[in-house]
Amino acid sequence: MIRGIIFDLDGVLVSTDEMHYQAWKRLARELGITGFAREDNRRQRGVSRMASLEIVLEKSDRIYTEAEKAALAERKNNYYLELLEDMDDSAVLAGVKEVLRELKERGLLLAVGSASKNAPVILEKTGLLPYLDKVSCGLDTTKSKPDPEVFLIAAKKLSLPPEECLVVEDSAAGIEAAAAGNMKSLGVGPFYEALGADYAAADLKGVACWDSILR
Ligand code: B16
Ligand code: MG
């Protein structure tokens with residue numbers, strides 16, 4: 001039986017994809033990388049900041065040192081933080097707060113399991129914190145999805161065994177991470193049919209029958 005739900009943040013509870021894309025695009029432009037496009041950004045979903053940078057640098061002729069890469073990742077994050085400044089609860093995806101409230105009323109424990117180191121800022125700005133029992137994010141982890149670490153930490157924070165947790169994800173890396181952590185998964189978002197999750201729906205409010213997923 002499922003007693004806890006671990007939600008990915010970007011693409012599941014909030015919409016930040018466009019802001020990530022704009023920030024990476026700005027960096028790419030400054031580095032003279034012209035080929036960075038939305039298809040590349042799709043591959044950045046759910047993966048860590050450094051892995052996302054590698055996807056941008058695939059299109060560069062230059063080899064960067066590790067120190068240079070760290071500086072580039074920080075530069076992109078500053079651009080992203082600038083864009084996050086104006087964020088408010090309008091970034092929360094449609095129906096999310098209602099679904100979280102309903103799941104809470106059913107007695108489930110709710111957590112976030114996000115690769116983002118900016119998760120606490122995003123949760124604060126969007127007013128989502130009061131809906132959640134625990135947060136596991138990029139600040140807690142050393143390994144990124146598809147490694148299950150971020151979800152295992154979330155389960156531990158909820159004091160639940162992994163097999164009693166359901167992961168909700170919008171990325172292939174996240175669905176793989178859930179399976180590696182022995183957790184069932186629900187795939188949502190624009191690519192939900194192709195994620196290979198145990199259950200799938202276009203978005204959280206489109207889940208037809210929570211009873212069959214949670215039993
Ligand atoms: P940051 P999620 C992920 O969040 C994003 O989907 C991914 O595009 C981003 O690279 C990653 O967070 C790291 O984010 O640079 O803010 O630490 O989908 O796992 O909630
Ligand atoms: Mg995501």
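## A tour from asparagine 77 to the magnesium site

Asparagine 77 has a relative accessibility of 9%, so this residue counts as buried (buried is under 20% relative accessible area, exposed is over 50%, and partly exposed lies in between, with a 1.4 Å probe and protein chains only). Before you click further, note that this is a predicted model, in which local features need pLDDT of at least 70, side-chain atom pairs count only at pLDDT 80 or more, and totals for chains, interfaces and linings use all residues. Residues are numbered from 1 along each chain as its sequence is written, chains are lettered from A and ligands numbered from 1 in the order in which they are written, and side-chain values use heavy atoms, with hydrogens and water left out.

**Stop 1: asparagine 77.** Select helix H4, where asparagine 77 is found; helices here are DSSP runs of H or I with at least four residues, strands are E runs of at least two, and both are numbered from the N terminus. Now show the contacts of asparagine 77: leaving aside neighbours within four places in sequence, they are Arg49 and Asn118, where contact means heavy atoms within 4.5 Å. The side chains of asparagine 77 and asparagine 118 are joined by a polar contact of 3.0 Å. A polar contact is a pair of N or O atoms within 3.5 Å; within protein, one must be able to donate a hydrogen and the other to accept it, and residues adjacent in sequence count only if both atoms are side-chain atoms.

**Stop 2: arginine 49 and helix H3.** Move on to arginine 49, which sits in helix H3. Arginine 49 is partly exposed, at 26% relative accessible area. Not counting residues up to four places away in sequence, arginine 49 touches Trp24, Ala73, Asn77, Lys117 and Asn118. Next, color the buried residues of H3 (residues 49-57): Ser52, Leu53, Ile55, Val56 and Leu57. Their cover includes H1, helix H2 (38-44) and helix H4 (66-84).

**Stop 3: ligand 1.** Which residues are closest to ligand 1? Among the 18 residues that surround ligand 1, the closest are Val47, Ser114, Ser116, Lys117 and Asn118; the cut-off is a heavy atom within 4 Å. Taken alone, ligand 1 exposes 470 Å², and the protein buries 97% of that (Shrake-Rupley accessible areas with a 1.4 Å probe; for residues, only the protein chains shown count as cover).

**Stop 4: the magnesium ion.** Select ligand 2, the magnesium ion, coordinated by Asp8 (OD), Asp10 (O) and Asp170 (OD) at 2.1 to 2.2 Å. Donors are N, O and S atoms within 2.8 Å of the metal (3.2 Å for Na, K and Ca), and water is not among the atoms, so sites may look incomplete. Along the chain, the donors follow the spacing D-x1-D-x159-D. Aspartate 8 lies in the loop between strand E1 (4-7) and helix H1 (17-30), while aspartate 170 lies in the loop between strand E4 (165-169) and helix H8 (172-180); the pair is 162 residues apart and links distant parts of the chain. Both aspartate 8 and aspartate 170 are buried.

**Stop 5: the cysteines.** Finish with the sulfur atoms. The count of disulfides comes to zero, a disulfide being a pair of cysteine sulfur atoms within 2.5 Å. Cysteine 137 has its closest cysteine sulfur in cysteine 165, 17 Å away, which is too far for a bond.
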